[in-house]
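Please open the model in your viewer and keep the selection panel at hand. The tour below goes from one selection to the next and says what is found at each stop.

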Amino acid sequence: MVAGSIAGPYLSLAVIRLYMKAKNLTGVEMLLSNLKSYHCADPSRVSGAAPTAEEMRNKKVRKQYEKQQLEIQGVEEQLVSNIISGTSLKTMGVADDIDVLVTIALCVLFSTVCVLLLTVLLGVEVGYAPVSACVLLVGYTLVVLLKLDSFATNSRGRVELAVWLVSLALGAGVAWAVLMWAPMFKVSSGLGRDKVGLLNFDVEAAARGWDAIINNVRLQVEKRLDVPGKPWRTPARSVALFVCTVAGIMTTTLLGPGMQYARLLHAALNVPSWGAKYMQRGRLAIILMQLGFVLPVVVVLVQVGPVVTYVGLPASAQQTVMGSLLLAVALVHLLAITPLCQTYLDGALTDWYTLLHNGRVFEGKMMNVRLRLEYLRALLARAAMQLMSLSLVCLSLGLLMAVSGDMIHQLTDVTVLPRDWMLSKFSPALVTTLRAPFILTPGNANTALNMTVGVAPPAQLSLEEEGLTGFEDEGLFGLTEDGTALKTGLAAAKAAAALVVEAVMPEGRAEDVWLFMCQFIGWWACLVWSVVACASMAVRRLGLDGT
């Protein structure tokens, strides 16, 4: 099962890659197609060879040359718009990285869909198959964002590096306080209710879940080597230290994306009157961009204890709501990339108008305008990478929560599976045999973990080894006419399952590790992004940005 969980996503990756090659598709074309860019008109179509000094003595030649210069100036001041071709998109910076990220994201989606189909339609438990692809997508996204923060060797580059290091340390420190100290603070949720924890992230449960995974592997190794060992115990601080390091890195990488989103949203909502004909976005696009600005704030509020208590959200549904909101953030941000990137390109029109009508006249002015427009166009892929970063992180974490937490359990814990209905037409006994191991009960709640690490499920262990005998010969499941053997068998099975769980998984569950990391890292990413975006939007709304 471990091999399947690792190799499955990469088989999906190969399928997705082959399909994109067959269709001649690239990730950057899928995201940034049909975008309109602006550039200055080419003056070479009206320019000719400059007259010599001897020819300039002729008044007619001199007049004609002056008229030609006026035409050239008029052409240089004109803007031309065209659709960016696929060839141009492929040559932009970080275009290759965007291709890789889009391919991995499609692989994650494909793997998750396969998991859901196998689980819901066929009732087959496949473990945590998309885990490796999800981790790869988050890690590669952070690596690409770190590549964008290339620091120069001058004084400005050193200042940026210092800011980067300070934000890294500050982010890790605040994350440590949230994990280790915030649960200790009890605040009132209003309406006379009892006090609740400000932020409740159970790092202790995550440590116990990690211990369960390690101890399962340790027991298997000890059983094969016949070497006794001690149970593994991981301090909660070790898990918190690792997660806080990831949170610190995420803090530094999401500063730029948050400010970029706020700047483009402000530009889309405040189109100048002279450019309304060219720069006005549609109503649906505006709603998507505003929704993408608000949803991360909602994700942050879902984990605040007083807010959860006030709205009456039960603890059992909190993980499902969190995973659904993360997927909603990913979907909305992906849909909003096209209008946001078009707003970014429309910034060339604003710059052209500002530079052309600022009243300053100097030699090479139009050359500066032309270079500015080309610069904006060349950095389109960089802006797109920043805009899609949060959606990729939320997509990975949301899907990982869907396949490892209560969301997938709610899908599998149904009365009748489509597979059961199909098999019941041919063999009802086969349905019972196949369906029983996947019904979530206290006796087999650890089946998914045992299958993942290669441990035999408790139902397959011999009861003689635990000293529990006397009901095996009573028939299938110990059924008799008076039901005595059934009660005895159920009690013995429950005792055997308790012994197995105590021996194999003393305290924790494997899924607690993934749920904790997805829950906290997703919440932290939305928190950092929301704080930066809201602060940037406030600065622009108050006119403090100098524009």
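Throughout this tour, a residue is called buried when its relative accessible area is under 20%, exposed when that area is over 50%, and partly exposed in between, with a 1.4 Å probe and protein chains only. This is a predicted model, in which local features need pLDDT of at least 70 and side-chain atom pairs count only at pLDDT 80 or more, while totals for chains, interfaces and linings use all residues. Residues are numbered from 1 along each chain as its sequence is written, and side-chain values use heavy atoms, with hydrogens and water left out.

**Stop 1: colour by confidence**

Colour the chain by pLDDT, the predictor's confidence in each residue on a scale from 0 to 100. The mean over the chain is 75, and 67% of the residues reach 70 or more. Confidence is highest in helix α13 (residues 283-302), at a mean of 95, and lowest in helix α21 (residues 447-453), at 39. Select next residues 497-506, where the pLDDT is below 50 and where the model has 20 contacts beyond near neighbours in sequence, a contact being a pair of heavy atoms within 4.5 Å.

**Stop 2: N34**

Select N34, which is placed in the loop between α2 (27-32) and β1 (36-40). Its phi is positive, about 60°, although N34 is not a glycine. Most residues other than glycine have a negative phi. With a relative accessible area of 64%, N34 is exposed.

**Stop 3: the nonpolar core**

A nonpolar core is a set of buried Ala, Val, Leu, Ile, Met, Phe, Trp, Tyr and Cys residues joined through side-chain atoms within 4.5 Å. The largest one has 113 residues, and L32, I98, L380 and F520 are those with the most contacts inside it. Helix α17 (residues 380-404) gives the most to this core, with 17 residues. Centre the view on I98, which, leaving out residues up to four places away in sequence, touches G27, V28, L31, A381, A384, M385 and M388.

**Stop 4: helix α23**

Select residues 510-541, the helix α23. Its 32 residues should span 46 Å at 1.5 Å a residue, and the end C-alpha atoms lie 47 Å apart, which agrees; the expected span is 1.5 Å times one less than the number of residues. Apart from neighbours within four places in sequence, F516 is in contact with L179, F201, D202, V203, A206, V239 and V243. The C-alpha atoms of F516 and V243 are separated by 9.7 Å, although the two residues are 273 apart along the chain.

Move along the helix to I521, which at 13% relative accessibility also counts as buried. Beyond its neighbours within four places in sequence, I521 is in contact with V243, V246, M250 and L397. Its C-alpha atom is 6.7 Å from that of A247, a residue 274 places away along the chain. After α23 comes G543, whose phi is positive, near 75°.

**Stop 5: the salt bridges**

How many salt bridges does the structure hold? There are two, where a salt bridge is a side-chain nitrogen of Lys or Arg within 4 Å of a carboxyl oxygen of Asp or Glu.

Select D97 and K147, whose closest N and O atoms are 2.9 Å apart. The pair links distant parts of the chain, with D97 in helix α6 (residues 95-120) and K147 in helix α7, 50 residues apart. D97 is buried at 9% relative accessible area, whereas K147, at 49%, counts as partly exposed.

Then select D346 and R281, with 2.7 Å between the closest N and O atoms. D346 lies in helix α15 (residues 315-356) and R281 in the loop between α12 (276-279) and α13, so the pair ties together parts that are 65 residues apart in sequence. D346 is buried at 2% relative accessibility, and R281 is buried at 15%.

Methods:
Helices (H or I, at least four residues) and strands (E, at least two) are DSSP runs, numbered from the N terminus.
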